[in-house]
Amino acid sequence: MTKLFHKIGLIIWYAYIVITMLTIPVFNWRYAREHGFVSWLFLGEVVATFKAVAWPYYAITAVGGQAGAGDTAMTSKERAFAEQWNQWLEDHPTERNALRTRAIADNMTKEDISRELISLMVRFSNEAKIDIPQRFIDDLKKAE
């Protein structure tokens, strides 16, 4: 009986190691894509690799529906706003880069960056003559 448990334990261990080896490049690629290559180079690969080692947690939370921790489904209105907002940011690199520069140079807090982003979003919504969905303001305020 002990040999059976030992074999089962080894099978589980080997499966865990194989899946970990497969998830390491995935988690590193996702981290680099979401945070940028330079951020990934400066210890981002360590964070992503630790997340890959903890893959069972992410698998369980994804299956259990807890990965997003809340209502993450966007309405069509919110999705349309997000697409227009992203396009506006792409069309206005000066504003985006100025905010990044100020954030680094002035050592801005997350609260300050959130306020700046909200003011940019208000400017965008005024130019586009559309209302900002409350969800976007709430998400930016959570960063404070």
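Tutor: A salt bridge here is a side-chain nitrogen of Lys or Arg within 4 Å of a carboxyl oxygen of Asp or Glu. The model is predicted, so local features need pLDDT of at least 70 and side-chain atom pairs count only at pLDDT 80 or more, while totals for chains, interfaces and linings use all residues. Residues are numbered from 1 along each chain as its sequence is written, and side-chain values use heavy atoms, with hydrogens and water left out.

Student: What is the N to O distance in the salt bridge of Glu 127 and Arg 123?

Tutor: Both residues lie in helix H6, four residues apart, about one turn of the helix; helices are DSSP runs (H or I, at least four residues), numbered from the N terminus. Glu 127 and Arg 123 also belong to a salt-bridge network with Glu 95. The N to O distance between the side chains of Glu 127 and Arg 123 is 3.1 Å.

Student: Which residue forms a salt bridge with Glu 116?

Tutor: Glu 116 is in helix H6 (residues 110–128), and its partner, 14 residues apart, is in helix H5 (residues 93–105). The closest N and O atoms are 2.6 Å apart, and the partner is Arg 102.

Student: Is Glu 78 buried or exposed?

Tutor: Buried means under 20% relative accessible area, exposed over 50%, and partly exposed in between (1.4 Å probe, protein chains only). Glu 78 sits in helix H4 (residues 76–91). Because its relative accessibility is 13%, Glu 78 counts as buried.

Note on methods:
Helix = DSSP H or I, 4+ residues; strand = E, 2+ residues; numbered from the N terminus.
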